[in-house]
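Colleague: I would like to go through this model and ask what stands behind each term. Please show it first.

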Amino acid sequence: MATPAAAGGYPQGVKLGVDVGTVRVGVAVCDRDSILATPYKTLDRNAKRNSDVKVIARLAGDLGAVQVFVGLPRTLKGEEHASARMATDYAELLAAELAGRGLDVPVNLVDERLSSVTAHRSLHEAGMSSRNHRKVVDQVAAAGILQHAIDMQKARGADVGSRVTLPAPSVDPGVDEVDEPVPGTPGDTAQSSDNGRQQ
């Protein structure tokens, strides 16, 4: 689930941008001063093993990244459809992988309307043939997502996007406790502490 990022400052340092597709995932990185986002890598999406998620998490650790922005594709009307759900799921997988590695790196979802269109246009203007766009367009789109995010942070003086939060692990308070017999029912144990409680 995602919640609005807290205002009043934002992480300073290297940040990653991620453009999620069904086949490929683009990755971009910015410098420590968060001035310029640069296309970094295009990964094959592996929805079964999530090897691409692990690569990004490892990269975040290696670079000492302080934040990751994942593009959230919305329609021009601001609506979210299947592609937005896919991006949200991916962001949650990435946040869980980072946490599992002991990395306190926030993952924010940011609006990425037209990022791919802009990336294709930029590549065309740079003289690259349309046939070669596929190899790099995802990482260029990721750079566009990241550049937009870091520019907005500076303009607002606050964090941007929606922070991805992981659900708190469910803890059963009775796991390590011994149930006491209920008065009047010798030998019978108390009802499970989970009875009637909503998770």
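Colleague: Where does Glu 112 lie?

Modeller: Glu 112 is in the loop between β6 and α3 (115-125). Helices (H or I, at least four residues) and strands (E, at least two) are DSSP runs, numbered from the N terminus. The model is predicted: local features need pLDDT of at least 70, side-chain atom pairs count only at pLDDT 80 or more, and totals for chains, interfaces and linings use all residues. Residues are numbered from 1 along each chain as its sequence is written, and side-chain values use heavy atoms, with hydrogens and water left out.

Colleague: Why does Glu 112 count as buried?

Modeller: Buried means under 20% relative accessible area, exposed over 50%, and partly exposed in between (1.4 Å probe, protein chains only). Glu 112 has 8% relative accessibility and therefore counts as buried.

Colleague: Which residues does Glu 112 touch, not counting residues up to four places away in sequence?

Modeller: With that exclusion, Glu 112 touches Asp 19, Gly 71, Leu 72, Pro 73 and Ile 145. A contact means heavy atoms within 4.5 Å.

Colleague: What makes a set of residues a nonpolar core?

Modeller: The members are buried Ala, Val, Leu, Ile, Met, Phe, Trp, Tyr and Cys residues joined through side-chain atoms within 4.5 Å. The largest such core has 28 residues, and Ile 56, Val 68, Val 70, Leu 94 and Val 107 touch the most other members. α2 gives the most to this core, with 7 residues. Ile 56 touches, among others, Leu 16, Val 27, Tyr 90 and Leu 94, not counting residues up to four places away in sequence.

Colleague: How does the span of α2 compare with the one expected at 1.5 Å a residue?

Modeller: The expected span is 1.5 Å times one less than the number of residues. α2 has 19 residues and reaches 27 Å from its first C-alpha to its last, close to the expected 27 Å.

Colleague: Why are the buried residues of α2 said to be on the same side?

Modeller: The buried residues of α2 are Ala 84, Ala 87, Thr 88, Tyr 90, Ala 91, Leu 94, Ala 95 and Leu 98. They cover an arc of only 160° around the axis, so they are on the same side of α2. That arc is taken from the directions from the helix axis to the C-beta atoms.

Colleague: What do the buried residues of α2 pack against, and which exposed residues are on the face turned away?

Modeller: The buried residues pack against β2, β3, α1, β5, β6 and β7 (162-164). The face of α2 turned away from its buried side carries the exposed residues Ala 82 and Gly 100.
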